[in-house]
Amino acid sequence: MANHAKFDRQQVIDKATSLYWEKGFHATSMRNLQDVIDMRPGSIYAAFGSKEGLFKEALQHYTEQGVARLAACRANSASPVAALKLFMEQLVINTQQGAPSGMCMLAKTVAELTGEHEELLQEAKRSFRKMESEFEKLIVEAQEMGEVDKEKDPHQLARHIQVQISGLRTYARVNGPDEGENGAPLKQMIEDVFKHYPF
(Lines give C-alpha, C1' and ligand atoms only; values in the text may rest on other atoms or scores of the structure.)
Protein backbone atom coordinates (compact mmCIF):
# COMPACT_ATOMS: atom_id res chain seq x y z
CA MET A 1 0.00 0.00 0.00
CA ALA A 2 1.35 3.42 -0.93
CA ASN A 3 2.24 5.82 1.84
CA HIS A 4 -0.07 8.84 1.89
CA ALA A 5 0.86 12.18 3.38
CA LYS A 6 -0.43 12.44 6.94
CA PHE A 7 -1.24 16.11 6.54
CA ASP A 8 -3.46 18.32 4.41
CA ARG A 9 -0.95 20.05 2.15
CA GLN A 10 -3.29 22.87 1.18
CA GLN A 11 -4.20 23.54 4.80
CA VAL A 12 -0.52 23.69 5.71
CA ILE A 13 0.20 26.14 2.87
CA ASP A 14 -2.79 28.26 3.89
CA LYS A 15 -1.59 28.51 7.51
CA ALA A 16 2.00 29.17 6.41
CA THR A 17 0.80 31.90 4.05
CA SER A 18 -0.94 33.72 6.89
CA LEU A 19 2.14 33.42 9.10
CA TYR A 20 4.59 34.59 6.43
CA TRP A 21 2.23 37.42 5.46
CA GLU A 22 2.05 38.61 9.06
CA LYS A 23 5.70 38.29 10.03
CA GLY A 24 7.65 38.34 6.75
CA PHE A 25 10.16 35.76 5.58
CA HIS A 26 13.12 36.53 7.83
CA ALA A 27 11.10 37.04 11.03
CA THR A 28 9.38 33.68 10.58
CA SER A 29 11.48 31.03 12.31
CA MET A 30 11.27 27.28 11.87
CA ARG A 31 9.88 27.19 15.41
CA ASN A 32 7.10 29.60 14.35
CA LEU A 33 6.29 27.39 11.37
CA GLN A 34 6.40 24.23 13.48
CA ASP A 35 3.93 25.70 15.99
CA VAL A 36 1.51 27.13 13.42
CA ILE A 37 1.37 24.33 10.86
CA ASP A 38 1.88 21.56 13.44
CA MET A 39 4.73 19.86 11.59
CA ARG A 40 8.22 19.02 12.74
CA PRO A 41 11.16 20.55 10.87
CA GLY A 42 12.05 17.18 9.33
CA SER A 43 8.53 16.83 7.95
CA ILE A 44 8.60 20.40 6.61
CA TYR A 45 11.86 19.71 4.79
CA ALA A 46 10.56 16.38 3.48
CA ALA A 47 7.37 17.97 2.13
CA PHE A 48 8.64 21.34 0.90
CA GLY A 49 12.41 21.01 0.64
CA SER A 50 13.16 24.01 2.87
CA LYS A 51 11.73 27.06 4.59
CA GLU A 52 12.25 28.81 1.24
CA GLY A 53 10.34 26.10 -0.60
CA LEU A 54 7.34 26.54 1.68
CA PHE A 55 7.55 30.31 1.32
CA LYS A 56 7.55 30.01 -2.47
CA GLU A 57 4.38 27.93 -2.35
CA ALA A 58 2.88 30.45 0.07
CA LEU A 59 3.57 33.26 -2.42
CA GLN A 60 1.91 31.26 -5.18
CA HIS A 61 -1.07 30.53 -2.94
CA TYR A 62 -1.41 34.22 -2.01
CA THR A 63 -1.43 35.13 -5.71
CA GLU A 64 -4.00 32.46 -6.52
CA GLN A 65 -6.19 33.88 -3.76
CA GLY A 66 -5.86 37.34 -5.31
CA VAL A 67 -6.83 36.07 -8.76
CA ALA A 68 -9.82 34.20 -7.30
CA ARG A 69 -10.91 37.27 -5.35
CA LEU A 70 -10.74 39.42 -8.47
CA ALA A 71 -12.82 36.86 -10.37
CA ALA A 72 -15.39 36.86 -7.57
CA CYS A 73 -15.54 40.65 -7.69
CA ARG A 74 -16.23 40.47 -11.43
CA ALA A 75 -18.92 37.85 -10.93
CA ASN A 76 -20.64 40.11 -8.40
CA SER A 77 -20.28 43.38 -10.31
CA ALA A 78 -22.21 44.86 -13.21
CA SER A 79 -19.08 45.92 -15.06
CA PRO A 80 -15.29 45.41 -15.18
CA VAL A 81 -14.55 48.84 -13.69
CA ALA A 82 -17.04 48.21 -10.87
CA ALA A 83 -15.23 44.91 -10.23
CA LEU A 84 -11.87 46.67 -10.04
CA LYS A 85 -13.27 49.22 -7.60
CA LEU A 86 -14.76 46.49 -5.42
CA PHE A 87 -11.47 44.57 -5.48
CA MET A 88 -9.57 47.69 -4.43
CA GLU A 89 -12.04 48.41 -1.63
CA GLN A 90 -11.65 44.88 -0.30
CA LEU A 91 -7.85 45.10 -0.34
CA VAL A 92 -7.46 48.66 0.87
CA ILE A 93 -10.26 48.91 3.43
CA ASN A 94 -11.46 45.45 4.45
CA THR A 95 -8.11 43.68 4.82
CA GLN A 96 -6.72 46.29 7.20
CA GLN A 97 -8.55 44.57 10.04
CA GLY A 98 -9.35 41.09 8.78
CA ALA A 99 -6.04 40.03 7.23
CA PRO A 100 -2.71 39.02 8.82
CA SER A 101 -1.27 42.32 7.58
CA GLY A 102 -2.67 45.43 5.95
CA MET A 103 0.29 45.41 3.60
CA CYS A 104 0.38 43.30 0.45
CA MET A 105 2.41 40.12 1.04
CA LEU A 106 4.07 40.54 -2.36
CA ALA A 107 5.07 44.14 -1.61
CA LYS A 108 6.41 43.12 1.81
CA THR A 109 8.43 40.36 0.19
CA VAL A 110 9.96 42.59 -2.49
CA ALA A 111 10.83 45.20 0.15
CA GLU A 112 12.34 42.64 2.53
CA LEU A 113 14.34 40.27 0.37
CA THR A 114 17.68 40.91 -1.29
CA GLY A 115 19.72 39.06 -3.87
CA GLU A 116 20.50 36.50 -1.19
CA HIS A 117 17.04 35.07 -1.90
CA GLU A 118 16.86 35.82 -5.61
CA GLU A 119 14.54 32.93 -6.43
CA LEU A 120 11.93 34.08 -3.93
CA LEU A 121 12.32 37.68 -5.05
CA GLN A 122 11.71 36.66 -8.65
CA GLU A 123 8.68 34.61 -7.59
CA ALA A 124 7.17 37.67 -5.90
CA LYS A 125 7.83 39.76 -9.01
CA ARG A 126 6.17 37.11 -11.19
CA SER A 127 3.16 37.25 -8.89
CA PHE A 128 2.98 41.02 -9.27
CA ARG A 129 3.01 40.62 -13.05
CA LYS A 130 0.32 37.94 -12.82
CA MET A 131 -2.01 40.28 -10.96
CA GLU A 132 -1.28 43.08 -13.42
CA SER A 133 -2.21 40.79 -16.29
CA GLU A 134 -5.52 40.01 -14.57
CA PHE A 135 -6.21 43.74 -14.17
CA GLU A 136 -5.35 44.21 -17.83
CA LYS A 137 -7.91 41.59 -18.89
CA LEU A 138 -10.64 43.48 -17.05
CA ILE A 139 -9.53 46.77 -18.57
CA VAL A 140 -9.69 45.29 -22.07
CA GLU A 141 -13.18 44.05 -21.28
CA ALA A 142 -14.08 47.53 -20.02
CA GLN A 143 -12.81 49.00 -23.30
CA GLU A 144 -14.97 46.56 -25.27
CA MET A 145 -17.98 47.63 -23.19
CA GLY A 146 -17.23 51.32 -23.69
CA GLU A 147 -16.31 51.97 -20.04
CA VAL A 148 -12.71 52.87 -20.85
CA ASP A 149 -11.42 54.72 -23.91
CA LYS A 150 -10.00 52.24 -26.43
CA GLU A 151 -7.15 54.66 -27.13
CA LYS A 152 -5.80 54.05 -23.64
CA ASP A 153 -3.03 51.50 -23.14
CA PRO A 154 -4.54 48.70 -20.98
CA HIS A 155 -1.10 47.61 -19.77
CA GLN A 156 -0.33 51.12 -18.53
CA LEU A 157 -3.71 51.31 -16.79
CA ALA A 158 -3.19 47.92 -15.15
CA ARG A 159 0.21 49.04 -13.89
CA HIS A 160 -1.39 52.24 -12.57
CA ILE A 161 -3.96 50.22 -10.61
CA GLN A 162 -1.20 48.10 -9.08
CA VAL A 163 0.67 51.22 -7.97
CA GLN A 164 -2.48 52.81 -6.55
CA ILE A 165 -3.36 49.69 -4.57
CA SER A 166 0.10 49.62 -2.99
CA GLY A 167 -0.04 53.32 -2.15
CA LEU A 168 -3.57 53.23 -0.75
CA ARG A 169 -2.82 50.19 1.40
CA THR A 170 0.14 52.01 2.90
CA TYR A 171 -1.98 55.12 3.45
CA ALA A 172 -4.69 53.04 5.15
CA ARG A 173 -2.09 51.38 7.36
CA VAL A 174 -0.76 54.76 8.50
CA ASN A 175 -4.08 56.57 8.86
CA GLY A 176 -6.50 53.73 9.63
CA PRO A 177 -9.07 52.11 7.34
CA ASP A 178 -12.04 53.85 8.97
CA GLU A 179 -10.89 57.42 8.47
CA GLY A 180 -14.17 59.23 7.89
CA GLU A 181 -17.64 57.73 7.68
CA ASN A 182 -17.92 54.31 5.97
CA GLY A 183 -14.23 54.20 5.11
CA ALA A 184 -14.11 57.61 3.42
CA PRO A 185 -11.90 59.22 2.19
CA LEU A 186 -10.42 55.88 1.06
CA LYS A 187 -13.51 55.02 -0.98
CA GLN A 188 -13.35 58.42 -2.63
CA MET A 189 -9.66 57.92 -3.36
CA ILE A 190 -10.50 54.63 -5.08
CA GLU A 191 -13.20 56.36 -7.14
CA ASP A 192 -10.68 59.02 -8.10
CA VAL A 193 -8.30 56.39 -9.51
CA PHE A 194 -10.75 55.86 -12.37
CA LYS A 195 -11.65 59.54 -12.85
CA HIS A 196 -8.23 61.08 -13.33
CA TYR A 197 -5.03 60.47 -15.34
CA PRO A 198 -4.26 58.02 -16.84
CA PHE A 199 -7.85 56.80 -16.99
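Here are some questions and answers about the predicted model shown above.

The model is predicted, so local features need pLDDT of at least 70 and side-chain atom pairs count only at pLDDT 80 or more, while totals for chains, interfaces and linings use all residues. Residues are numbered from 1 along each chain as its sequence is written, and side-chain values use heavy atoms, with hydrogens and water left out.

Me: How many helices and how many strands are there in the protein?
Reply: Helices (H or I, at least four residues) and strands (E, at least two) are DSSP runs, numbered from the N terminus. Going from the N terminus on, the elements read α-α-α-α-α-α-α-α-α. The count is nine helices and zero strands.

Me: What percentage of the 199 residues count as buried?
Reply: Buried means under 20% relative accessible area, exposed over 50%, and partly exposed in between (1.4 Å probe, protein chains only). Going by that cut-off, the buried share of the 199 residues is 44%.

Me: Are α4 and α5 parallel or oblique to each other?
Reply: Helix α4 covers residues 51-75 and helix α5 covers residues 80-98, and they pack with their axes 8 Å apart at an angle of about 130°. Axes here are lines fitted to C-alpha atoms, for helices over the stretch in contact, and angles run from 0 to 180 degrees between N-to-C directions. Under 35 degrees counts as roughly parallel, over 145 as roughly antiparallel, 65 to 115 as roughly perpendicular, and the rest as oblique. That's why α4 and α5 are oblique.

Me: Which residues of α4 make the contact with α5?
Reply: Contact means heavy atoms within 4.5 Å. On the α5 side, the residues involved include Pro80, Phe87 and Thr95. On the α4 side, they are Gly66, Arg69, Leu70, Cys73 and Arg74.

Me: Is Ser127 buried or exposed?
Reply: Ser127 lies in helix α7 (residues 118-144). Leaving out residues up to four places away in sequence, Ser127 touches Leu59, Thr63 and Leu106. With its relative accessible area of 4%, Ser127 is buried.

Me: What is the phi of Asp38?
Reply: Find Asp38 in the loop between α2 (30-37) and α3 (41-48); at 68% relative accessibility, Asp38 counts as exposed. Most residues other than glycine have a negative phi. Asp38 is not a glycine, yet its phi is positive, about 60°.

Me: Which residue does a cis peptide bond join to Tyr197?
Reply: Most peptide bonds are trans. In this cis bond, omega is about 0°.
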